[in-house]
Amino acid sequence: MGMTITEKILAAHAGRDRVEPGELINVKIDLALGNDITAPVAIREFEKIGVDRVFDRERVVLVPDHFVPNKDIKSAEQSKILKEFARKHGLTHYYEVGRMGIEHCLLPEQGLVGPGDLIIGADSHTCTYGGLGAFSTGVGSTDLAAAMALGETWLKVPESIKFVYYGEMPDWVSGKDLILYTIGRIGVDGALYMAMEFTGPAVEGMSMDGRLTMANMAVEAGAKNGIVAPDGVTRRYVEGRAKRPYVFYASDPDARFAREYHFDVSKMEPAVALPHLPENVRPVSEVLNITIDQAVIGSCTNGRMDDLREAARLLKGRRVNGNVRLIIIPGTQEIYRQAMREGLFEIFLDSGAAISTPTCGPCLGGHMGILAEGERCIATTNRNFVGRMGHPGSEVYLAGPAVAAASAVMGRIAHPREVE
Amino acid sequence: MEIKGKIWKFGNDVDTDVIIPARYLNTSDPGELAGHCMEDADPLFAKKVRPGDIIVAGKNFGCGSSREHAPIAIKAAGVSCVIARTFARIFYRNAFNIGLPILESAEAAGKIQEGDEVAVDLEGGIITNITRNETYRATRVPPFMQQIIAAGGLINYVAERMKKRGDT
């Protein structure tokens, strides 16, 4: 019996030839990650263990990104805990404002994570790196503390679900639409404790940015990890970027999958997830009458170059509707610079959009775009729970960058072709 | 350890933003977090809950963020145990790691009503509904997770392991 790519990576990090779904295993980790919300708790717990150093000062990464630039005194105190810990332990990968990015945009870009890696991070969207062909999953702060000391963690080997996406991608349909559609089909616990393996010609033809978007939202279906087998697209992305050696794994033809889904992408249209769960997904053409007060383009889900270019395609020569605030947040300093070089900032500014320094900010209702009671936002972020972006009486609609940009122009949820 | 308390009932897919909204995550102080526990589902929950009370919910409790502040807030609010049909995986790990008792039981999640008086035998996985004179069985906790509980949480477990390895 063959193994899936997830099982192979786990086996390699457990020092075993094979592992079986359901087994509890101890694995070596290649990288441990924390942010300004989760790392202060992890550091407090780490200090209780009674060790005087982290397992490897090059493999513990701290990125203050949620409330930075610090929004108030309390969040400044949290960030300070990270800075002081990084200094004390000589961490090589601590990212200060001005040199940072949203963690899940930053780590792939900087080559800190690569194919075949096993990564844990105290942030649920750590599953993003599965887009590179890594096993990557979110944990809590105490698990991060233990991993920072041991360089190991324990995991239950997940069963895998295979998703096959075939057919030609229609215009304005992107990785975000595929993953929203998928969550809409299986539900927010449709892959609970399981691995989601994304395969098929539509995924093979997708850029790395699109794959990272898809893996990013695996947790929104309850999954432990999402993963795409590395290929030529992956090789071109990691070459010259990866800071460590990497390994390409792939599922065997006779690997075991608990379930299999086949989706024809040529029949899809851009998707929107209505409040208050990411599974409330509708084709955009069914929800065109909903007016909006704000649009946000950014986040660890859709804050990369592909996303900004797609938004610019629609915003070029057009104005943001008078009733709407459009907030655009490039995911990293590097993306910020690149967007500027390509002239996207000119397009955004001409349209009447605000451009922010990289931050998670509004996605989690932190800062930089909080909603008042009764306000509605269309966002390229990943969660639309009650109160997620502000007042418990506000609403978040999830979509890809094309729908968000088109909606900003129209003042209501719009299909990109209405604006085109 | 005896667990006995009054039930607060919630529905399916209770997410971590409801358990502790991110607008309060600029602190990790358990007492402060407890004051906002479940605020966006029931603004008065933190005021009404009494030490020892028990939360019962449907499927996928704790979905969303990895924030350990969620089980910390529940524990610090005085809740003695959470019973749900299923738990989201990061919340499940976090609860064990910080010592918040949780039990999976579809039967209990279905039959227990708000306000019921319930007793829980954690080791045996037996849930007794005193109000309705019923008992329910919970899913067995994996042996490895029991070791973490026996050690007094993950940090103690790791400290013991590191001592054995001679790292400290």
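Axes here are lines fitted to C-alpha atoms, for helices over the stretch in contact, and the angle between two of them runs from 0 to 180 degrees between N-to-C directions. Two packed helices are described by the angle between their axes together with the distance between those axes. In this predicted model, helix α11 of chain A, residues 305-315, packs against helix α12 of chain A, residues 333-341, at an angle of about 35°, and their axes lie 10 Å apart. The crossing in which α11(A) passes α12(A) is right-handed. On the α11(A) side the contact is made by A:M305, A:L308 and A:R309, which meet A:I335, A:Q338 and A:A339 of α12(A). Sorted by class, the residues in this contact are 4 nonpolar, 1 polar and 1 charged.

Elsewhere in chain A, A:Q78 has its place in helix α3, which spans residues 73-89. A:Q78 counts as buried because its relative accessibility is 9%, and buried means under 20%. Once the neighbours within four places in sequence are left aside, A:Q78 is in contact with A:D36 and A:P40 of chain A, and with B:N26, B:T27 and B:S28 of chain B.

In chain B, B:G110 lies in helix α6, residues 106-111. Its relative accessibility is 42%, so B:G110 counts as partly exposed, the class that lies between buried, under 20%, and exposed, over 50%. B:G110 and B:N60 are separated by 50 residues in sequence, and their C-alpha atoms are 14 Å apart in space.

Notes
Residues numbered from 1 in each chain as written. Chains lettered and ligands numbered in written order. Predicted model: local features only at pLDDT ≥ 70, side-chain atom pairs only at ≥ 80, totals over all residues. Heavy atoms only, no water. Helix = DSSP H or I, 4+ residues; strand = E, 2+ residues; numbered from the N terminus. Left-handed = near helix turned anticlockwise from the far one by under 90°. Contact = heavy atoms within 4.5 Å. Nonpolar A, V, L, I, M, F, W, Y, C, P; charged D, E, K, R; others polar. Buried < 20%, exposed > 50% of the residue type's maximum accessible area, 1.4 Å probe, protein only.
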